[in-house]
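Please open the model in your viewer and keep the sequence panel beside it. The stops below can be selected one after another.

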Amino acid sequence: MTRALRIDDLLDYGRYPLDDPTSPRYREVVAGARAQLAEDGCAVIPDLLRPTAVATIAAEIRARVHLAHFSTSSMNPYFHTTPDPAYPARHPVNTFTERSSGFVPGDAWDSSLAIDAIFRSGDLTRLLRECLETEEVHCYADPLAGLTANVLDPGQQFAWHFDTNEFAVTALIEEADEGGRFEYVPATRTPDDESFERIQRVLEGDRAGVKTLDLRAGDLQIFRGRHSLHRVTRVPAHSRPRYAAIFAYTAEPGVIGRLERTRQLFGRVLPVHEEAERRRVRSDALLD
């Protein structure tokens, strides 16, 4: 009989006492993450996943890569794929970049897996809640986008874009031999200012303000991607793939993803997405 997965086999409770939120070390980790998030909207907790967890999750992803939806499209930072004549030719809305990657969907996983155990860990969600200084953190209820794995095969990249969620939590599982770097521009836009000119300069290659993270397998990243432009650079043709586990959480329960972005990333939508789209109330007026 296979022993049930224990969360302390997967996360490094020796280095990070996730079960003791009153300990000095726990408070130090929280304070450090809060400081990083306040500085530029991005925090990294190094080696939170044990090497055994990284190896196990990598095997879980490889076993399900055949279920991933791979696609290549030319998109703007808002995931739109067609020009809009209401905007000038030189404008982020009308500037398109290749996005080529795959996503293993949420319904490919089950509760016996290490990736699912980490995603649903109460100790982890408590840590995230404290780091983000929010009262609630819930597992994203979307059946496709709640728990996913992003796969960048050799030659693929994820173009500059903004997230629809306020924050994202990602664990790097397998590094590319080269490339596959996470890059971002902190606080590129605000709820009241789209900052189109600044975005356009980045899309045209301006590196001013661009930060690059040197993530390693096992690192956990907390990122406020709604307002910070970001991308993953191309994985070279001679490299191994890049795998990342995406643990999606929301500040409110029962949230379902947006219809068109779900179709783009997963190649399909479910009735729950269509129903949510009919009821959706936008939280801001940003393009997306």
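The tour goes from a helix to a strand, then to the cores and the pockets.

This is a predicted model, in which local features need pLDDT of at least 70 and side-chain atom pairs count only at pLDDT 80 or more, while totals for chains, interfaces and linings use all residues. Residues are numbered from 1 along each chain as its sequence is written, and side-chain values use heavy atoms, with hydrogens and water left out.

Among the buried residues are Asp-123, Leu-127 and Glu-130, and the buried residues of α5 pack against α2 (24–40), β1 (42–45), α4 (114–119), β7 (168–174), β10 and β13 (249–250). At the N-terminal end, Ser-121 caps α5 through a side-chain oxygen that lies 3.3 Å from the backbone nitrogen of Asp-123, and just after the helix Glu-133 takes a positive phi of about 55°.

Next, select Gln-221, which lies in strand β10 (residues 220–223) and is buried, with a relative accessible area of 4%. Beyond its neighbours within four places in sequence, Gln-221 is in contact (heavy atoms within 4.5 Å) with residues including Cys-42, Val-169, Phe-182 and Leu-215.

Now colour the largest nonpolar core, which has 47 residues; such a core is a set of buried Ala, Val, Leu, Ile, Met, Phe, Trp, Tyr and Cys residues joined through side-chain atoms within 4.5 Å. Leu-127 and Phe-247 are among the residues with the most contacts inside this core. Apart from it lies another core, of 24 residues, including Met-75 and Phe-79.

Finally, turn to the second largest pocket, whose lining includes Tyr-78, Phe-79, His-80, Arg-258 and Asp-288. A pocket is found on a 1 Å grid over the protein atoms alone, as an open set of points where a 1.4 Å probe fits, with protein on both sides within 12 Å along at least five of seven lines, and lining residues have an atom within 4 Å of a point. Helix α7 (residues 259–266) gives the most to this lining, with four residues.

Terms used
Buried means under 20% relative accessible area, exposed over 50%, partly exposed in between (1.4 Å probe, protein chains only). Helices (H or I, at least four residues) and strands (E, at least two) are DSSP runs, numbered from the N terminus. A polar contact is a pair of N or O atoms within 3.5 Å; within protein, one must be able to donate a hydrogen and the other to accept it, and residues adjacent in sequence count only if both atoms are side-chain atoms.
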